[in-house]
Amino acid sequence: MPAKHCAGCRWAGGPCVIGRGNPQAPLALLGEAPGTVEIQRGVAFTGPSGQLLDDLLHRAVAAAGLCGKLSFSDFWITNCVCCDTRGQTPTLADCKLCWPRLSKELTGKYVIALGQVAQRNLRHHRWPLNRALFVWHPAYILRNPLAAGGWVMRVRDFLSTVHQELQGATK
Ligand code: SF4
């Protein structure tokens with residue numbers, strides 16, 4: 001959960017946005033920071049990027065042949081920083097200040113990093129590369145729809161691998 005009374009960074013005191021989905025899920029999608037719609041609703045990825053993300057994820061799950069085997073309850077969707085950045089892109093220094101909160105959310109999960117901020121954050125914190133995938137942020141795909149097909153294929157392959165590993169872990 002976001003640190004309600006956190007004073008960790010320059011955005012302390014503003015609205016804080018929680019993630020979306022199942023906090024106990026084995027998979028996470030990691031974005032950058034909440035946008036305008038998310039701030040209004042108080043939930044991550046509920047604006048236009050979030051709607052596209054849901055659609056892309058649905059397509060990737062279907063392409064992997066995992067409909068009925070992976071659902072939205074298998075995902076936790078969150079951001080590198082969870083407070084209102086007032087339109088500013090978080091720096092690595094900002095992400096480092098919010099890492100204690102985020103690392104608790106991500107512990108034990110496979111993480112799909114959406115965009116460069118998330119990728120840089122995971123790399124800096126030496127997130128195991130066999131538990132991470134780096135893809136475009138959906139906001140980029142909104143502006144460049146031709147990138148959607150590649151996103152779906154890469155996530156499809158990652159989900160297939162993760163699903164096999166999760167199946168193996170339960171045997
Ligand atoms: S973004 Fe993170 S570090 Fe900054 S005030 Fe909010 S919870 Fe604290």
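This is a predicted model: local features need pLDDT of at least 70, side-chain atom pairs count only at pLDDT 80 or more; totals for chains, interfaces and linings use all residues.

Me: What makes β1 and β5 edge strands?

Reply: Strands are DSSP runs of E, at least two residues long, and helices are runs of H or I, at least four, numbered from the N terminus. Two strands pair if DSSP finds at least two bridges between them. The open, mixed sheet has the order β1-β3-β2-β4-β5. β1 (20–21) and β5 (132–135) each pair on one side only, and that puts them at the edges.

Me: How do you know that β4 pairs with β5?

Reply: Four bridges join β4 (residues 110–114) to β5, and the two run parallel. The definition asks for at least two, so they count as a pair. L114 sits opposite V135 there.

Me: Why is α2 called oblique to α6?

Reply: Helix α2 (residues 48–63) packs on α6 at about 50°, with the axes 8 Å apart. Angles under 35 degrees are roughly parallel, over 145 roughly antiparallel, 65 to 115 roughly perpendicular, and the rest oblique. That makes α2 oblique to α6. Axes are lines fitted to C-alpha atoms, for helices over the stretch in contact, and angles run from 0 to 180 degrees between N-to-C directions. Contact means C-beta atoms, placed from the backbone, within 7 Å.

Me: And which residues make that contact?

Reply: Among them are L56 and A60 of α2, plus W151 and L159 of α6.

Definitions and conventions. Residues are numbered from 1 along each chain as its sequence is written. Two residues are in contact if their C-beta atoms, placed from the backbone, lie within 7 Å.
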